[in-house]
Amino acid sequence: MSHVVIRSVPFATRLRTTQGGAKELLQRDRARAQRFLAGESPLGPLPFADEHRRRHGHHGTTAPTTTASAGKGSSAGSASSIDVTDSGVTYTMQVGVGNPATQYTLLIDTGSSNTWIGANKPYKPTSTSHRTGNTINVSYGSGTMSGQEYTDTVTLGPNLVIKNQGIGVASSAQGFQDVDGILGVGPVDLTQGTVSNTQTVPTVTDNLYAQGTISSNSIGVFYEPSSSANVSNGVITFGGTDNTKYTGEINFVPLTTTSPATKYWGINQSISYGTGNTILKATAGIVDTGTTLLLLATSAFQAYQKATGATEDQTTGLLTITQQQYDNLQSLYFNIGGVTYELTPNAQIWPRALNSTIGGNDGQIYLIVSDLGSSFGTGLDFINGFGWLQRFYTVYDTGNKQLGVATTSYTDVETN
């Protein structure tokens, strides 16, 4: 067997709080959660695997690609989107297109599968560009994109070069500020109905795998907790895991079969506050890079609020605690696949150095746990968002329909 090297590239994290502060952040998180609860746009790989096996020979061809996000209104009438532009936290990386390559700043989305450019910096065709004649027309929750479809050489890093990758080229794009488009790294089924005359389009990860550049159809995601906004503090690994970014073993669990969580990167877990106080019994929910906070079903959130003694801050909408309450704050314990992961007291609070970015007061202590706004038993009772993901290494394994979790050297650090 040939040796295939796992490839990692850095990405930057941006907070999108704008003038609305934490209340706007909460609004984005909860609006996104309501779309998840409604089961809109299947983002998870459960329906993908069987189709992937049937279509595997199609990978690596000049099959087209299109829009990103869970494509809402294409001409084929696909379901409404869960839009990466609606999220409170976004992730960007530099992607080269063409030969010689033009560099574009693209949003990374684990919940969508299409790659497109042209929202700001225009597309520059080169000798590797091929216009397929197909069109793209996609509406998002907070924007629109339409244009033409090309295949071209796409460069994600020095050793991550994809030939004949389908890309969308926008002739019109609204709602995408400060970025040039989207890099979709979710399951291929999300591309259905997004390009004219095309059933599905191989993703960048599909084509990296098919062309022998990576050894598995998966990605690993690592964050370094930061007290600064908009910094390069993440690494995405295509084709496996980076063992320098996690500690101990990765615990892989099968994706949940409970709906609607099964449509996304859904898992089963329980949560205890301290020892012996179960605030969320074993249930289904999702891990989501596009959600900022840790969202819990209303009854679990209320149990957490009671246990901590926290009150709702009227300015930010977040829970807030005193220094004395923080000194007494207990860890949250997440049981995932029989393995317990500890979210320490420091990991449960918003970085105090970033209080101004959410309209908060200097030195005040805000918690990252918030109300999902739904009753327990809806089939999606938690969302482990960015606040949780900063403390753990996660693996999105499309090929094996599983999600992996591991601790990192930052799981227990006092950064907030």
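Helix α1 lies across β13, β14, β20 and β21, running at about 60° to β20. Helices (H or I, at least four residues) and strands (E, at least two) are DSSP runs here, numbered from the N terminus; axes are lines fitted to C-alpha atoms, for helices over the stretch in contact, and angles run from 0 to 180 degrees between N-to-C directions. Please keep in mind that this is a predicted model, in which local features need pLDDT of at least 70 and side-chain atom pairs count only at pLDDT 80 or more, while totals for chains, interfaces and linings use all residues. Residues are numbered from 1 along each chain as its sequence is written, and side-chain values use heavy atoms, with hydrogens and water left out.

Let us stay with α1 for a moment. At 1.5 Å a residue, its 17 residues (21-37) should span 24 Å, and the end C-alpha atoms are 25 Å apart, which agrees; the expected span is 1.5 Å times one less than the number of residues. Buried residues of this helix include L25, L26, R28, D29, F36 and L37, where buried means under 20% relative accessible area, exposed over 50% and partly exposed in between (1.4 Å probe, protein chains only). The buried residues of α1 pack against β3 (102-109), β13 (278-287), β14 (294-296), β20 (369-371) and β21 (382-384). Contact, throughout, means heavy atoms within 4.5 Å.

Four of those strands lead us into a sheet. Seven strands form it, open and with mixed pairing, in the order β18-β17-β12-β13-β21-β14-β20; two strands pair if DSSP finds at least two bridges between them. At its edges stand β18 (339-343) and β20, each pairing on one side only. Neighbouring strands of this sheet are turned by 35° against each other on average, direction ignored.

Seven of its eight residues are buried, so β12 is mostly covered.

α4 packs on the seven-stranded sheet, touching β12, β13, β14, β17 (332-336) and β20, and its direction makes about 135° with that of β20. β15 pairs with β16 (residues 319-321) in the antiparallel sense over two bridges, and E312 stands opposite L319.

Now for the interior. In soluble globular proteins, nonpolar side chains tend to be buried together. A nonpolar core is a set of buried Ala, Val, Leu, Ile, Met, Phe, Trp, Tyr and Cys residues joined through side-chain atoms within 4.5 Å. The largest one here has 65 residues, of which L156, F238 and L332 touch the most other members. Leaving aside neighbours within four places in sequence, L332 is in contact with residues including I271, I279, L294, Y304, L343 and V369. A second, separate core of 21 residues includes L295, L372, L380 and I383.

Further along, L403 sits in strand β23 (residues 402-407) and, at 0% relative accessibility, counts as buried. Beyond its neighbours within four places in sequence, L403 is in contact with N251, F252, V253, L255, W265, I267, V287, V395 and Y396. Of these, V287 is 116 residues from L403 along the chain, yet their C-alpha atoms are separated by 9.0 Å.

Among contacts between residues at least 6 apart in sequence, 71% join residues at least 24 apart. The chain exposes about 15200 Å², with carbon and sulfur atoms supplying 45% of it; these areas come from the Shrake-Rupley method with a 1.4 Å probe, and for residues only the protein chains shown count as cover.
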